[in-house]
Amino acid sequence: MTASRSNKVDERLCYRRVLLKISGEALLGVGEYGVEFDTVRRIAQDVKSVHDLGVEICLVIGGGNIFRGISGATVGMERAGADYMGMLGTVINALAMQSALEGIGLDTRVLSAIPMETVCEPYIRRRAIRHMEKNRIVIFAAGTGNPFFTTDTAAALRAAEMNCDCLLKGTQVDGVYDKEPKSNSNAVRYDRLSYHHVLARDLQVMDAAAISLARENSIPILVFSIHNYGAFADVLKGRGKYTVIDGGD
Ligand code: UDP
């Protein structure tokens, strides 16, 4: 039996297993569509830094850089079909990230909620846990496998299924603000928020289904900037700028 990495976790960390959610937009780099491989490789390096600390990691990557179901519905497509296109986009992103991670020596598996056996493994919960125990980075593709959902909800769902200690959301900015920080110079960043506060004030950090799932399963959400080099590891060490969303006030 392969020993779990959990006994090698850096003792300063209180997180043994984490899920990182990245939006498809994060892979755009300076482009407007698709995948910029330099950006994917940079994010992969950050994932490696955390893996080197002994933390078990799984990833959910969105698909907004390729296709969003709502865009198809807007031009007359049936919403469910358009959402399946969006989910297929997340598989493309997952394969790009897998290539970048393997390129720097990490062992990975892509598990898709929509079975496509010639490309990757189907999602099986116990298998996913086993992969992580064997030091593999698991990338969950195709969201929840269901239309009318988002990859944020998929991230909260998988974090709960994998018994993750926290869900990290790597965004375009370094936390949750009271208003859009890019267009409001006086926007204030929160250090800590409750799930209730996020839902009641409709703060646009993750959709309500994802926040509710995290709340029901007491999974803290750590929101940070995916564009700050090294921020993923820093946040887990309690350093740098980020927002914690949990049951407190
Ligand atoms: N999607 C879906 N079900 C899921 C996850 C995703 O139907 O469980 C579709 C949906 O059309 C969505 C697209 O996949 O617009 C891309 O996901 P998302 O918008 O969450 O990506 P992100 O904004 O994180 O890049």
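1. Which helices and which strand each supply at least two residues of the lining of the largest pocket? They are helix H2 (69–74), H3, helix H5 (151–161) and strand S6 (166–171). Helices here are DSSP runs of H or I with at least four residues and strands are E runs of at least two, numbered from the N terminus.

2. A word on the model before going on: it is predicted, with local features needing pLDDT of at least 70 and side-chain atom pairs pLDDT 80 or more, while totals for chains, interfaces and linings use all residues. Residues count from 1 along each chain as its sequence is written, and side-chain values use heavy atoms, leaving out hydrogens and water.

3. H3 gives the most to that lining, five residues. With 25 residues (79–103) at 1.5 Å a residue, H3 should span 36 Å, and its end C-alpha atoms are 37 Å apart, so the two agree. (The expected span is 1.5 Å times one less than the number of residues.) After H3 comes Gly105, with a positive phi near 90 degrees.

4. A backbone N or O atom of Gly69 lies 2.8 Å from a ligand oxygen atom, and for Gly63 a backbone N or O atom lies 3.0 Å from a ligand oxygen atom.

How values were computed. Polar contact = N/O pair within 3.5 Å; in protein donor to acceptor, adjacent residues only side chain to side chain.
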